[in-house]
Amino acid sequence: MSLIFTTKKVFSGAIALRVISLLYGLLQDAYSPVKYTDIDYMVFTDAARYVSQGLSPYERETYRYTPLLAWILLPTSWPGAFWFSSGKIVFAVSDIVAGWFILLILQAPEGGAMITEQGL
């Protein structure tokens, strides 16, 4: 069982699924009346556009997230389809990084608990 689910295979599969999802989403958004991209992504990109114009991201009525997110997604406000979709790449990479952090925590001694001798 452990030969099937090695760390390398799990992360390779996770990356492959995200790449496939990103490509499928681009196709569906381009050719289907039902969009793959969630409305929240539009909220994020609108907030990034406001930031690029020197305004607050909260000018977007339904933006309830940290302003840092609007700054991170600033390239989505640049012209071109690639830049608009770059935020999706940021989210996919962040998802993989979060999974890696979870793996590191689970592999740490005591399941991630701090050892008192090494604590502050």
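View 1. Arg18 is partly exposed here, since its relative accessible area is 25%. Please keep in mind that this is a predicted model. Which residue does the side chain of Arg18 meet in a salt bridge? The partner is Asp95, with 2.4 Å from N to O. This pair links distant parts of the chain, as Asp95 sits in helix α4 and Arg18 in helix α1, 77 residues apart. Asp95 is partly exposed as well, with a relative accessible area of 38%. As background, side chains of opposite charge can pair when their charged atoms come close.

**View 2. Lys88 and Asp29 form a buried salt bridge.** The closest N and O atoms of Lys88 and Asp29 are 3.4 Å apart in this salt bridge. Lys88 belongs to helix α4 and Asp29 to helix α1, so the pair ties together parts that are 59 residues apart in sequence. Are these two residues buried or exposed? Both Lys88 and Asp29 are buried.

View 3. Asp46 counts as buried because its relative accessibility is 16%, below the 20% cut-off. Arg49, at 37% relative accessibility, counts as partly exposed. Salt bridges with shared partners join Asp46, Arg49 and Arg60 into one network. The total for the model is four salt bridges.

View 4. Ser77 is found in the loop between α3 (67-72) and α4. Its C-alpha atom is separated by 4.9 Å from that of Arg49, although the two are 28 residues apart along the chain. Beyond neighbours within four places in sequence, Ser77 is in contact with Ala48, Arg49 and Ser52. Ser77 counts as partly exposed, at 23% relative accessibility.

**View 5. Helix α2 packs against its neighbours.** The 14 residues of α2 reach 20 Å from first C-alpha to last, close to the expected 20 Å. Its buried residues include Tyr41, Phe44 and Val51, and the buried residues of α2 pack against α3 and α4. Just after this helix, Gly54 takes a positive phi of about 80°.

**View 6. Helix α4 is kinked at Gly87.** Helix α4 covers residues 81-107 and reaches 40 Å from first C-alpha to last, close to the 39 Å expected. Where is its kink centred? The kink, of about 30°, is centred on Gly87. Gly87 is one of the buried residues of α4, among them Ser85, Ser86 and Lys88. The cover over the buried residues of α4 includes α1 (7-31) and α2 (39-52). Ser86 has a relative accessible area of 11%, and it touches Tyr41, Pro75 and Thr76 when residues up to four places away are set aside.

View 7. The patch comes to about 870 Å² and is made by Trp78, Phe82, Trp83, Ile89, Val93, Val97, Trp100, Phe101 and Leu104. Trp100 is placed in helix α4 and counts as partly exposed, at 40% relative accessibility.

**View 8. The whole chain gives the setting.** The protein has four helices and zero strands. Of its 120 residues, 24% count as buried. The accessible surface comes to about 8,800 Å², with 69% of it belonging to carbon and sulfur atoms.

Key. Residues are numbered from 1 along each chain as its sequence is written. This is a predicted model: local features need pLDDT of at least 70, side-chain atom pairs count only at pLDDT 80 or more; totals for chains, interfaces and linings use all residues. Side-chain values use heavy atoms; hydrogens and water are left out. Helices (H or I, at least four residues) and strands (E, at least two) are DSSP runs, numbered from the N terminus. The expected span of a helix is 1.5 Å times one less than its number of residues. The bend at a residue is the angle between axes fitted to the seven residues ending there and the seven starting there. Buried means under 20% relative accessible area, exposed over 50%, partly exposed in between (1.4 Å probe, protein chains only). Contact means heavy atoms within 4.5 Å. Patches are made of residues with over 30% relative accessible area and no salt bridge: like charges are joined within 9 Å, nonpolar side chains (Val, Leu, Ile, Met, Phe, Trp, Tyr) within 5 Å. Accessible areas come from the Shrake-Rupley method with a 1.4 Å probe; for residues, only the protein chains shown count as cover.
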